[in-house]
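This report describes the fold, the ligand surroundings and a few individual residues of the chain shown below.

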Amino acid sequence: MKTPATANGISRIIFLLITPVFFQFFAIGFIWHSIYWGVITAVVLIWGFFILISPLFGRIGCGWFCFMGTTMDLAGRYSLRTVAWNKPNRWVRLLILIPFFASALTFYAVNKSQGLTHNFSYSPGFLKPEFTVHYAWVWTIDIASAILFGLLLERRWICRNLCFMGALCSAGAHFARLIPLVDPERCTLCGNCEQACPVRIPITGYVRDNQGLVTNAECIMCGACLAVCKKNAIRFSWVWNRSRLISQRNNHLAIIDSE
Ligand code: SF4
Ligand code: SF4
Ligand code: SF4
């Protein structure tokens, strides 16, 4: 099924192209800066939304909108290394999250004690020239590092190891109700979907051991696996009760085996 992958490609191109514009007018106050100044900015609202919906829709923010993710996936096609699936390290993620929030909150407390936060207001339409230059640099450095990491390291290395938004979305996506679901009776375990997956998720392992429920919190819901499956064995599906579906599928197999 190509539709989700096509829609995903269009969404990614649009957001990759509009990001520089967005940076110039709305980026003031990336999440760290927003805490630092004590203001709710467009970036906070957008990523707060994606984090909030991750227990339902998984990591669609990472797979459909983030310009860094798109750049890494494009660069990853020419990757100089072929690395198999590696689980993210939760401790590394925690080590990123703690200093990130601790430093931002510390600066906020210092600013507040000095009265610097009192008159600060978020007015994205009136960026000072130095901020415009600042975010142009941020964008350039982000894109350059996404290309470099995409070429040199395993797929989506930054997403798995460095990005705190990835860590928060991943925590929510552990409970995602919309997931890729494989029909084990159609699947031939050919592995094409795994090869196409930008995150290298071991989909066939989920067919063997999890009755086809791809319950991997690193899945970015891009639809690449659906597009390459010649057997139409995989689709996005709402699964409200995972254990019930697994036991239904187990029972179904037991009946077939006994016949
Ligand atoms: S983990 Fe971070 S860098 Fe990767 S796609 Fe998500 S938000 Fe973007
Ligand atoms: S591409 Fe389709 S048939 Fe092949 S392993 Fe993936 S889901 Fe199964
Ligand atoms: S499992 Fe499928 S939907 Fe999820 S990231 Fe991989 S290719 Fe995209």
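Domain bounds, as used here, come from an automatic or database domain assignment. The model is predicted.

## Domains and their contact

The assignment divides the chain into domain 1 (3-172) and domain 2 (179-258). A distance of 29 Å separates the C-alpha centres of domain 1 and domain 2. On the domain 1 side 19 residues take part in the contact, and domain 2 supplies 17 residues.

Helix 1 (3-26), helix 4 (60-65) and helix 5 (67-76) each give two or more residues to the side of domain 1 that touches domain 2. Sorted by class, that side of domain 1 has eight nonpolar, six polar and five charged residues.

## Overall form of the chain

The chain contains 13 helices and two strands. Its C-alpha trace spans about 75 × 35 × 30 Å along the principal axes. Of the 259 residues in the chain, 29% are buried. Counting contacts between residues at least 6 apart in sequence, 79% join residues at least 24 apart.

Helix 6 covers residues 90-113, which is 24 residues. From first C-alpha to last, helix 6 reaches 34 Å, close to the 34 Å expected at 1.5 Å a residue.

## The largest nonpolar core

The largest nonpolar core has 39 residues, and those touching the most other members are Val182, Cys197, Ile203, Val214, Cys225 and Ile234. Among the elements that give two or more residues to this core are helix 3 (42-57), helix 7 (129-152), strand 1 (178-182), helix 11 and helix 12. Helix 9 gives the most to this core, with four residues. Both domains take part, since this core draws at least three residues from each of domain 1 (3-172) and domain 2 (179-258).

Leaving out residues up to four places away in sequence, Val182 touches Cys187, Ile203, Tyr206, Val207, Gly212, Val214, Ala233 and Ile234.

## Surroundings of the ligands

Around ligand 1 are Cys62, Cys66, Met68, Gly69, Ile158, Cys159, Cys163, Met165 and Gly166. Helix 5, helix 8 (157-161) and helix 9 (164-173) each give two or more residues to this shell. The shell around ligand 1 has seven nonpolar and two polar residues, with no charged residues.

Ligand 2 is surrounded by 15 residues, and the closest are Cys187, Cys190, Asn192, Cys193 and Cys229. The elements giving two or more residues to the shell around ligand 2 are helix 10 (192-196) and helix 11 (203-209). By class, the shell around ligand 2 comprises 10 nonpolar, four polar and one charged residues. Ligand 3 also has 15 residues around it, the closest being Cys197, Cys219, Cys222, Ala224 and Cys225. The shell around ligand 3 has 14 nonpolar residues, one polar residue and no charged residues.

## Positive phi in loops

Most residues other than glycine have a negative phi. Leu189, in the loop between strand 1 and helix 10, has a positive phi near 60 degrees. Gln211, in the loop between helix 11 and helix 12, has a positive phi of about 55 degrees although it is not a glycine.

Are these two residues buried or exposed, or in between? Leu189 counts as partly exposed because it has 13 C-beta neighbours inside 10 Å. Gln211 is buried because 20 other C-beta atoms lie within 10 Å, and the cut-off for a buried residue is 20 or more.

Leu105 lies in helix 6. With 13 C-beta neighbours inside 10 Å, Leu105 is classed as partly exposed. The C-alpha atoms of Leu105 and Ser237 are separated by 40 Å, and these residues are 132 residues apart along the chain.

Ala227 belongs to helix 12 (residues 224-228). It has 19 other C-beta atoms within 10 Å and is therefore partly exposed, as a buried residue needs 20 or more. Ala227 and Phe101 are 126 residues apart along the chain, and their C-alpha atoms are separated by 39 Å.

Definitions and conventions: Residues are numbered from 1 along each chain as its sequence is written. Chains are lettered from A and ligands numbered from 1 in the order in which they are written. This is a predicted model: local features need pLDDT of at least 70, side-chain atom pairs count only at pLDDT 80 or more; totals for chains, interfaces and linings use all residues. A residue is near a molecule or strand if its C-beta atom, placed from the backbone, lies within 6 Å of it. Ala, Val, Leu, Ile, Met, Phe, Trp, Tyr, Cys and Pro count as nonpolar, Asp, Glu, Lys and Arg as charged, and the others, Gly among them, as polar. Two residues are in contact if their C-beta atoms, placed from the backbone, lie within 7 Å. A residue is buried if 20 or more other C-beta atoms lie within 10 Å of its own, exposed if 12 or fewer, and partly exposed in between; C-beta atoms are placed from the backbone. The expected span of a helix is 1.5 Å times one less than its number of residues. A nonpolar core is a set of buried Ala, Val, Leu, Ile, Met, Phe, Trp, Tyr and Cys residues joined through C-beta atoms within 7 Å.
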